[in-house]
Amino acid sequence: MDVFHPRLLVGRFAECFRLYDAVLPALCGATLARGSAAGPYAGWDVEGQGVLALLDRAMMAGVVDAGGSSPDGTSPAGAGFPPDDRGSGVPYGGGRVMLVSRVEDVEAAADLYVRYGARLVAPPADRPDWGPGLRTAHVCDPEGNLVELQSY
């Protein structure tokens, strides 16, 4: 499993892209590995390891809001999800940061998270439009922090 790395969920993608594309090479030697200012995704690596990624927040909200279920089988936008500290009721808090982890088995990893208190907000699914062979699931911890589990 790759070490967790942050993915910033942003509304002003092009502006954030220009900022991080300018500062990450100077600060830590990161290079743009994928994506562009056009979005909706871009990622910077150091020696082949993900350091930071940007993702359009509205696109991710559509993925999470469209899939998954709470432990009682309701939809993510429905019952079973406490409101976040802003009272939005969005299952993952409508957050700005998502932790991403590469795992061997997306289903097993999602089940493990749920067994220990996470909520499944987007079930395991193939995502060929995001990358060849990519499979993901999304969970949120008790505070509403979003975690993407991925395998290729």
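In helix 1, the buried residues include Phe-13, Phe-17 and Leu-24, where buried means under 20% relative accessible area, exposed over 50% and partly exposed in between (1.4 Å probe, protein chains only). Helices (H or I, at least four residues) and strands (E, at least two) are DSSP runs, numbered from the N terminus. The model is predicted: local features need pLDDT of at least 70, side-chain atom pairs count only at pLDDT 80 or more, and totals for chains, interfaces and linings use all residues. Residues are numbered from 1 along each chain as its sequence is written, and side-chain values use heavy atoms, with hydrogens and water left out.

**Overall architecture**

- The protein chain contains three helices and eight strands, arranged along the sequence in the pattern β-α-β-β-β-α-β-α-β-β-β.
- Of the 152 residues in the protein chain, 38% are buried.
- The protein chain exposes about 8000 Å², and carbon and sulfur atoms supply 56% of that area; accessible areas come from the Shrake-Rupley method with a 1.4 Å probe, and for residues only the protein chains shown count as cover.
- Contact means heavy atoms within 4.5 Å; among contacts in the protein chain between residues at least 6 apart in sequence, 54% join residues at least 24 apart.

**Helix 1**

- Helix 1 covers residues 13–28, which is 16 residues, and it reaches 21 Å from its first C-alpha to its last, close to the 22 Å expected at 1.5 Å a residue; the expected span is 1.5 Å times one less than the number of residues.
- An α-helix has 3.6 residues a turn, so residues three or four places apart point the same way.
- The cover over the buried residues of helix 1 includes strand 1 (5–10), strand 2 (31–35), strand 3 (41–46) and strand 4 (49–56).
- Gly-29 follows helix 1 and has a positive phi, near 75°.

**Strand pairing**

- Two strands pair if DSSP finds at least two bridges between them.
- Strand 1 pairs with strand 4 in the parallel sense over four bridges, and Leu-8 stands opposite Leu-54 in strand 4.
- Strand 1 also pairs with strand 5 (residues 97–102), in the antiparallel sense and over four bridges; here Pro-6 stands opposite Leu-99 in strand 5.
- Strand 3 and strand 4 run antiparallel and are joined by six bridges, with Leu-54 in strand 4 as the bridge partner of Ala-42.
- Strand 5 and strand 8 (residues 146–151) run parallel, joined by five bridges, and Val-100 has Glu-148 in strand 8 as its bridge partner.

- Gln-150 is placed in strand 8 and counts as buried at 5% relative accessibility.
- Although 50 residues separate Gln-150 and Val-100 in sequence, their C-alpha atoms are 7.5 Å apart in space.
- The side chains of Gln-150 and Glu-148 are joined by a polar contact of 2.8 Å; a polar contact is a pair of N or O atoms within 3.5 Å, where within protein one must be able to donate a hydrogen and the other to accept it, and residues adjacent in sequence count only if both atoms are side-chain atoms.
- Thr-136 lies in strand 7 (residues 135–140) and is buried, with a relative accessible area of 0%.
- The side chain of Thr-136 makes a polar contact of 2.9 Å with the side chain of Arg-127.
- Leaving aside neighbours within four places in sequence, the residues in contact with Thr-136 include Trp-130, Glu-148, Leu-149 and Gln-150.

**Backbone features**

- Most residues other than glycine have a negative phi, and most peptide bonds are trans.
- Glu-47 has a positive phi of about 50° although it is not a glycine.
- Glu-47 lies in the loop between strand 3 and strand 4, in a hairpin with two residues between the strands, and counts as exposed at 79% relative accessibility.
- Gly-39 and Pro-40 are joined by a cis peptide bond, with omega about 5°; Pro-40 lies in the loop between strand 2 and strand 3.

**Cysteines**

- A search of the whole structure finds zero disulfides, a disulfide being a pair of cysteine sulfur atoms within 2.5 Å.
- Cys-28 is partly exposed, with a relative accessible area of 36%, whereas Cys-140 is buried, with a relative accessible area of 2%.
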